[in-house]
Amino acid sequence: MRIRLLGGFAVEHDGKPLDVVGERQRGLLFRLAIDAGSQVGYRALAEDLWPDDPPENARAALQSLVSRLRGQLPAGVLASGPGGYRLAIDRADVDAVRFQDLVAAASAAPAPEAPALASAALGLWCGEPWTPGDGYDWFQRDLATDRATALRLGGTPSPAEPDAGEPGPAAIPAALTAFVGRDEELAGVTGQLERGRLVTILGPGGAGKTRLAMESARAHRHPIVVELAPAGPDELWQAILGAIGRELRSMNESAAASTPAERVIAALAGRDVLLVLDNCEHLIQVAALAAHELLQALPRLHVLTTSREPLGVPGEAFVPLGPLDPLAAQTLFDDRVLAARGRAIDQDEQDAATRIRERLDGLPLALELAAAKARTMTIGEIADGLDDRFGLLSGGLRTVLPRHQTLRALVDWSWSLLGPGERRMLVALAIYPAGVAVADAAGVAAAHGGTRAELDVLVDKSLLQRTGGRYRALETIREYGIEKLAGSGELTRERIAQARRLAQATAVHDAELRSAAIHDAIAWFDAEDDNLAAALRFCAEASPSDLVRLTGGCLWYWIVRDRNDDAIQWIAAAGPYADEADDDWQGVFVRAAAMMMRTFSRGRRPEIDQGELARLSDAAARTDHDIVLAIPVLVRAFADTPEGDVWMRNIRIPDPEGLPLTPWGRAVLTVARAAMSQNGGDLAELGASSGRAVELFESTGDRWGMALAQQMRAEWLALEGRFEEALAMSDASTAAMTEITSSWDLLQQQGLAVNLLIRLGRVDEAQARADRMLAVARDSDSARSVALACAIACFLAIELEDIERARALVAELDESLAEWDDVPPQLHAMAGMARGGVASLDGDTASAERELRVAAEAAVESNDYPIMAATAVGVASLAARTGRFDEAHLALDLATVLRGAPDPHNPLEVRVRAQIAAHATTARPPRERAVVDRDTAASELAQILRR
């Protein structure tokens, strides 16, 4: 990660800018950055961040602020240490700190070496240092002093102008604006020219090919620049002659030279010249022939061309020119806005400026045109106006080529150079926002009436990019293509072709999700996500039958990836059109999923239409799709459950052996039996079903299903006291889930692992797991993941009686819950237990009872019996702590009934039972195992808490 403080504030990681949101977060990052690599103590940080109005609990406030900042930075960058925090980057990664270090080195260096070091320091000075507000004048004074020192030591404010040597025959016009962000490409041109004699700068219109060529030419002793934009095919040689210049012609022209080509060769013979042929794309054939002829005739000649496609001459080398990197795009846009309106982009405008840079693909010309609008429009208005980018970005640059005066003219020029087939494929690719995978290219091209070869031609012409195994078009090109399709009346036809092609592909990759190829299938769905979303939105408006097929093809992917909101949204949209869709498995899957969604509504027994269920079962039986075959069996199990508040506890999944299911279907029903057995307290069935599920999923190769089975097996092994085996099984489950599902699912698994390590007495390992778990959750930028990780880590801190850590984790937990709209009752119960545990450690019995009452009510609402059992143990602990041992005994009895068995290995339960035994006057027999309904559970927990 790199941080810029000189001339403005910017953060970059892996070549991409990071937006650090929040004034306090930026202030904290600044304070740590100026001591990069060193730990800064709590007190120093608090005094600088809150100089005038420190919070009541500065350390807790700082910890919360660190948590929010850490979530915006790369993993591991913001490190904690005893007594403070450290930014784990090199000092050289912060320009202001590197500036100071170079000045210090110059001051200590021998006199001959000092000027070079001082000049290197001054080369970093892009403007006055940025600070997050008042109170850092000492930092600005230190840098000003260092700058004066660098100048005194002989440093120069900018690199010396290159030695132009003997003037070239044609003067290159001076640059009117700063050259931004192409240093690597400039070095690439130099290197290619050293190795070969023909170099082509390739790139789309507006990428800055001409500007790069001019900068490269300035470094050569004898450059000749030929502007070919206004030339026709018959005028190329005359254009070169016109650029050569009178003096050079008179010295070298042969009297016998008659054709323009011969005159050019005669004029350049024996000279070390760099011939720049700018804008070759519309003359590509004659430009290629001319370059070839000149290079053969003139061994000392070098040729640099700019074009949107290769010349195709032997020995041609290339310097590809794409969009600016994000940091360079920011610098260019900021500079041009400042020039246009006389003031820099302020902090409130940064989000809009970022949107502009991203939507304009970092193309320099487009950014120039947008910045020019800042004279009459706000940055926010420019960003909003990009929905009509071709109307917005016009005018403002009168002296450039006509095709560079507006964004539309820029793309029109490229369009005019395409053949019919290339145009057809360009507009077809416009409706694929995520581009097209190389592996899918032939099929996609055929679906739209084209060929894979036409896609490659578009790459050669810089209208498509082939990167990361995909063909992609810049957003500006896509907008242009969509406009063309709409104007020709073909947009709907092409979008339907896209939807049907994607539906076919999802059917193939859906099957792979339940096999050993699951990682490849997930990678495909992930890469196609934007394309699928665009097709779904279109189908929802215009093609219901395609909506059903596409939704059915994506459903299992959404479930596996824990993208429940997507699944719910599109099931609701497609469901009404799938009621009679029995002709393919996708339609039946959507109908079945809609029924499942109703069946699994939180806390309510499902209302199931038996006739509808029978029709669904008949339709499923006519398919061979493993999920579709299994769903009616699951729904019927729910429908057959007796009514009552404990219906979820009484669900019985049938034994899948003998049912007309695929091997995967039998495996998934078996793991469902294990899950329902755990919730129902049937530990014998949990053990049998979890073991069988592991075997079945191993035979299918489905790592996602295997992870579920292994997790259920680990739960059973833990209850059996086989902790080492349980930990190994839980870790295997986590390994299987990695790169498949969300951090939420992984955190649930890690919570069990932390608990197991505590039971094994491996406290340091448990703490290390909890720390890693928190780091993963914070990096996920998911409020629910952070909340779950904080709850698990807080229980560990309470167990270790680390009250300071527990308080901080509860504060972060509450902050995360506040950002989450639909918190499940299980997590409310965990949060209540965490708050109650902290209050209990503080000796605040009233608060502890209040929080545990909240936890108990949420646990009962969840119908999650393991959560209810854990809450009952928490209630027992509080009762024992306050001397109410009969109530503690009652709570432990209740936990045993809810869990299905005692848990003699739970450290908290063991301590409570020891306290009860030490104060018992008469032995109390354990409660007989019985079904505890919701009302009974609620009333008994509440009675204990009321004393």
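What follows is a short exchange on cavities and on one glutamine of this predicted model.

Me: How many cavities of 30 Å³ or more does a search of the whole structure find?
Reply: The search covers the whole structure. Its size cut-off is 30 Å³ or more. The number found is four.

Me: Which helix supplies the largest share of the lining of the largest cavity?
Reply: The largest cavity has a volume of about 110 Å³. Of its 14 lining residues, those closest to the centre include L410, V411 and I477. Both α18 (407–416) and α22 (475–488) supply at least two residues of this lining. The largest share, four residues, comes from α18.

Me: How many residues of that lining of the largest cavity are charged?
Reply: Eight residues of the lining are nonpolar. Another four are polar. The charged ones number two.

Me: Which helix gives the most to the lining of the second largest cavity?
Reply: The second largest cavity holds about 60 Å³ of space. Among its lining residues are R501, L502, A505 and W524. The lining divides into six nonpolar, two polar and three charged residues. With three residues, the top contributor is helix α23 (residues 491–512).

Me: Does Q350 count as buried or exposed?
Reply: Q350 sits in helix α14 (residues 350–359). Beyond neighbours within four places in sequence, Q350 contacts Q330 and I345. The cut-off for buried is under 20% relative accessible area. Q350 has 19% relative accessibility, so Q350 counts as buried.

Notes
Residues numbered from 1 in each chain as written. Predicted model: local features only at pLDDT ≥ 70, side-chain atom pairs only at ≥ 80, totals over all residues. Heavy atoms only, no water. Buried < 20%, exposed > 50% of the residue type's maximum accessible area, 1.4 Å probe, protein only. Contact = heavy atoms within 4.5 Å. 1 Å grid on protein atoms, 1.4 Å probe; cavity = no way out; pocket = protein on both sides within 12 Å on 5 of 7 lines; lining within 4 Å. Points joined across faces, edges and corners; volume = space filled by probe spheres on them. Nonpolar A, V, L, I, M, F, W, Y, C, P; charged D, E, K, R; others polar.
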